[in-house]
Amino acid sequence: MTNTENLFELVYMLMDKKQMTARELASHFGVSARTVYRWVDCLSIAGIPVYAAKGSGGGIRIDEAYALDKTVLTEEEKQSVVASLNALQALTGAESSAAKKLRSLSSRNADWLEVDFGTWNPLGRYVKTVFDVLKDAILHGTIVTFDYFSTEGHTLRRTFHPWKIVFRGQAWYAFGWCELRREERYFKLSRIQHIVDTHRPSSVQPRKRSAAERSLDDGYAGTEMDEYSAPVIPLTVRVRSSAVYRIMDEFFVEKVQTLSREETVVTVQIPDSYWLDSWILSFGTNMEILEPRSVRERIARIVEQMHKRM
């Protein structure tokens, strides 16, 4: 190893260990302590802040700010790392010392991204409690139990082996093994109540999934939410312009055509699931179904039945 290679290795060792004694470095490189001190002088002359601290607890050190600033991270990469750590802080509630250090070294605004776990409804913050219990169970490999409100209107007590927490679309889900169904399942965190970590170790491990299964998984096939396995249809509606935001907040809008200041025609890709009729009716007179004809006729029959009951 050349002298230059030794100097580079010494710098990286100090960046990793923060501090080492001259004796430790001499033993590692197979040289004398005097040679180590000579290398320290060479690095200092070259502008690298390596120095020897004397006395009890002393040793060869490198300035911590330099160690962070001279890593392979570019300014853009630092910003990405800080943003990720800020998001993690929103989930864990703990301030990251790494984020603090990188933020202090960055020359740009490090607060460009804010992640708030809570919902606009204060009651929805219970999801954070569910998240924390699941996180601890996953990290410690334990089983949880909870009451789950399914799309069929049933409430069942579940025994669950959580493997992963997933954020998809606009909601959080837990993925793992459900003892009741004896299969892998996704559970929407907002539908979980009375969650308890049993602290019993889980013996069920996630199996390796094929590419085809992962593709199906992207559509949430086999989940507790029927809406993700229902056929997706193009729905074209004439809607009050003031209500268009409701559609765009929830579904993929293919086409928007402004008819006037008051009315807009929207084509949206939407699951033809059990809740579709109720969702359409929730718009009242602010929405008219144009296509498909089958959905228009179905809604008309429901409205007629409602009228007979009044």
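**Reading a helix and its surroundings**

Modeller: In α3, the buried residues include T35, V36, W39, V40 and L43. Because these residues cover an arc of only 150 degrees around the axis, they lie on the same side of α3. The arc is taken from the directions that run from the helix axis to the C-beta atoms. Buried means under 20% relative accessible area, exposed over 50%, and partly exposed in between, with a 1.4 Å probe and protein chains only.

Colleague: What kind of model is this, and how are its residues numbered?

Modeller: This is a predicted model, where local features need pLDDT of at least 70 and side-chain atom pairs count only at pLDDT 80 or more, while totals for chains, interfaces and linings use all residues. Residues are numbered from 1 along each chain as its sequence is written, and side-chain values use heavy atoms, with hydrogens and water left out.

Colleague: Which residues are exposed on the other side of α3?

Modeller: On that other side, R34 and I45 are exposed.

Colleague: How do I read the length of α3?

Modeller: The expected span of a helix is 1.5 Å times one less than its number of residues. Helix α3 (residues 33-45) has 13 residues and reaches 19 Å from its first C-alpha to its last, close to the 18 Å expected. Just after α3, G47 takes a positive phi of about 95 degrees. Helices (H or I, at least four residues) and strands (E, at least two) are DSSP runs, numbered from the N terminus.

Colleague: At what angle do α2 and α3 pack?

Modeller: For such angles, axes are lines fitted to C-alpha atoms, for helices over the stretch in contact, and the angles run from 0 to 180 degrees between N-to-C directions. Helix α2 (residues 22-29) and α3 pack at about 100 degrees, with their axes 8 Å apart. The two helices, α2 and α3, are therefore roughly perpendicular to each other, a term that covers 65 to 115 degrees.

Colleague: Which residues meet there?

Modeller: From α2, A22, L25, A26 and F29 meet A33, V36, Y37 and W39 of α3. Contact means heavy atoms within 4.5 Å. V36 and W39 are also among the buried residues of α3.

Colleague: Now the backbone: what should I expect of phi and of peptide bonds?

Modeller: Most residues other than glycine have a negative phi, and most peptide bonds are trans. R182 has a positive phi, near 60 degrees. R182 sits in the loop between β6 (171-178) and β7 (183-188), and is exposed, with a relative accessible area of 55%. H199 also has a positive phi, near 65 degrees. H199 lies in strand β8 (residues 192-201) and is exposed at 61% relative accessible area.

Colleague: Where is there a cis peptide bond?

Modeller: A cis peptide bond joins E291 and P292, with omega about 0 degrees. E291 belongs to strand β12, whereas P292 is in the loop between β12 (287-291) and α11 (293-308). E291 is partly exposed, with a relative accessible area of 43%.

Colleague: What is E291 in contact with, leaving aside its neighbours within four places in sequence?

Modeller: E291 is in contact with P234, L235 and T236. P234 and E291 are 57 residues apart in sequence and 7.8 Å apart in space, C-alpha to C-alpha.

Colleague: And how many helices and strands are there in the protein?

Modeller: The protein has 11 helices and 12 strands. Of its 310 residues, 37% are buried.

Notes: Angles under 35 degrees count as roughly parallel, over 145 as roughly antiparallel, 65 to 115 as roughly perpendicular and the rest as oblique.
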